[in-house]
Amino acid sequence: MVGALTRLFGTQHLELAEDVVQETLLKAMRDWPYHGVPDQPAAWLHRVAKNQAIDQLRRKSRGVELLKENAALLRSEWTLSGTVSEAFAEDLIADDQLRMLFACCHPSIPQEQQLALALRTLCGFSVPEIARAFVTNEESINKRLYRAREAFRALGRVEFPPAAEVPLRLKPVLATVYLLFNEGYNSTEHQDLIREDLIEEALRLGDMLVRHPLTARSEVKALLALMLFHAARSEARLDADGAIILLADQDRSCWDRQLIGLAEGYLQEAVKGEEVSTYHIEAAIAGIHCHAPSFEETDWITIILLYDRLLALVPNAIVRFNRAIAIGRAHGAAEGLKALDAVEGLNTSHLYHAARGDALRELTRLEEARSAYSTGLRLTKSAVEGALLRRKLEELSNTPQR
Amino acid sequence: MSKYMFLFRGGEPGVDPMSDPAGFGAYMMTWKTWMENLAKSGKYLGGDPLEATGRTVTGKAMKMTDGPFVEGKEIVGGYVIVEAASIEDAVKMSEGCPIYTHDGVVEIRPVQHVDF
């Protein structure tokens, strides 16, 4: 709804749009407990928001500067109601969200602000929720949103980029969607490791991008495939108490075969494109895991090759780290540890130390393993990840020295 | 560029907003489409439809009568102000106005420049 309204008013009136939506939700909270939830809640909300928008425009539109091409239409009673209604028409709403996504991810807005803005305006997250998702306090999110809004306002209008610019403009959009997904899949701060709400929002946005003719490109399909492959396994990643179950120990029958099939379908379509993006490779790797009958029978050799290709595109420490783990699986713990030790720049990552601990334990260098796990434990902020490392330390104490 | 006012007279849509809201909505959409095209050209400056009721006030004593004051056909039902290069241009801009399909009249009047 904020998207529809912002397209109508112009980006400089983001607050006006948010006010309308806020008022609408308040009215719902006041009305629904007394009159019951209406048969079609979404339609009800749209109708109320539409009327709110018309009211606001009747009262305020004289003094404010509206988007030039809509100003005359919104100021005249001939066209006010029709123009607002049309903005709310169902088929336009998806378009509005995409336009809004592009606007939030405009290159003039710094990346960390893009995601905060998208979460606030497109996903309806509260400031405390965003603060939690970002491992920071509300004040800094408010600052971030304030700056993002300033930049947003300067855009003037919410629109699709010209077709020729779509590939370039899509990059930050996809990065934002993937960041959102990752935050849901591997919550850095939150008590719960998996945040279904964030995952769902990311999948919803991915689905929207894939459906729109302008953005249905191969890298978008690859990203959606990647997210779906991961999402298919999310149920199996935690036990009843919310503790982590490692990939090796997961009950593969719990993986969602339907999502895996869907992901595979998108990946097949994605590889038809000429371009190979990082999302293609990451999706292919996730796909291999999903199709492997067991952890041991995973095709680690192919995974290493895929990581090599990924490294050629993004030569960073995280990729080297993941490649090192695959090497350990394919060629044994000694090779794996060598590869891990060659990775630079991950000394502050608890995952890195946990992986070193695993390799050292396999090589029965137990004291070193203990020290690696302890370092990891000190570094993690996630309760669930911390519990896993503690569990590993305990197992280590129970392992007889050879 | 000069300003011109379109005064709309008559042209009852033949649909009642109360008994046939969808039909009335469709009728209003034809107006919206026409005005949107004007707005796109950047020459539409505004306007509003008018209720058929009101007051007519006459003279110093402000003698008041209730509207409607004239026959339905002659009531001004609304106005629009546009910017046009000439009266011919303004006439051309009224093309596609839905009132023509409902037996209505558009009176096109240049806004007068008043110099003291």
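I started with Glu335(A), which forms a salt bridge with Lys338(A), the closest N and O atoms being 3.5 Å apart. For a salt bridge I took a side-chain nitrogen of Lys or Arg within 4 Å of a carboxyl oxygen of Asp or Glu. Both residues sit in helix 17 (residues 333-341) of chain A, three residues apart, so about one helical turn separates them. I counted helices (H or I, at least four residues) and strands (E, at least two) as DSSP runs, numbered from the N terminus. Glu335(A) is partly exposed at 35% relative accessibility, while Lys338(A) is exposed at 57%. My cut-offs here were buried under 20% relative accessible area, exposed over 50% and partly exposed in between (1.4 Å probe, protein chains only).

A note on the ground rules: this is a predicted model, where local features need pLDDT of at least 70 and side-chain atom pairs count only at pLDDT 80 or more, while totals for chains, interfaces and linings use all residues. Residues are numbered from 1 along each chain as its sequence is written, chains are lettered from A and ligands numbered from 1 in the order in which they are written, and side-chain values use heavy atoms, with hydrogens and water left out.

Next I looked up Glu362(A), which pairs with Arg329(A) in a salt bridge at 3.4 Å between the closest N and O atoms. Glu362(A) belongs to helix 18 (residues 350-362) of chain A and Arg329(A) to helix 16 (residues 317-331) of chain A, so this pair ties together parts that are 33 residues apart in sequence. Glu362(A) is partly exposed, at 48% relative accessible area, and Arg329(A) is partly exposed at 38%.

I then turned to Asp31(A) and Lys27(A), whose side chains meet in a salt bridge (3.6 Å, N to O). Both lie in helix 2 (residues 14-35) of chain A, four residues apart, about one turn of the helix. Lys27(A) is partly exposed, with a relative accessible area of 28%. Over all chains, I found 24 salt bridges in the whole structure.

How many helices and strands does chain A have? I found 20 helices and zero strands. Its C-alpha trace spans about 85 × 50 × 40 Å along the principal axes, and 51% of its 402 residues are buried. Chain A is divided into domain 1 (1-88), domain 2 (106-212) and domain 3 (347-402), with bounds that come from an automatic or database domain assignment. The C-alpha centres of domain 1 and domain 3 of chain A lie 55 Å apart.

Last, I went to the interface. The contact (heavy atoms within 4.5 Å) takes 16 residues from chain B and eleven residues from chain A. How many salt bridges run between chain B and chain A? The count is zero. I did find five residue pairs in polar contact across this interface, both residues at pLDDT 80 or more. A polar contact is a pair of N or O atoms within 3.5 Å; within protein, one must be able to donate a hydrogen and the other to accept it, and residues adjacent in sequence count only if both atoms are side-chain atoms. On the side of chain B that touches chain A, helix 1 (21-40), strand 2 (44-49) and strand 5 (76-84) of chain B each give two or more residues. Helix 1 of chain B supplies the largest share, seven residues.
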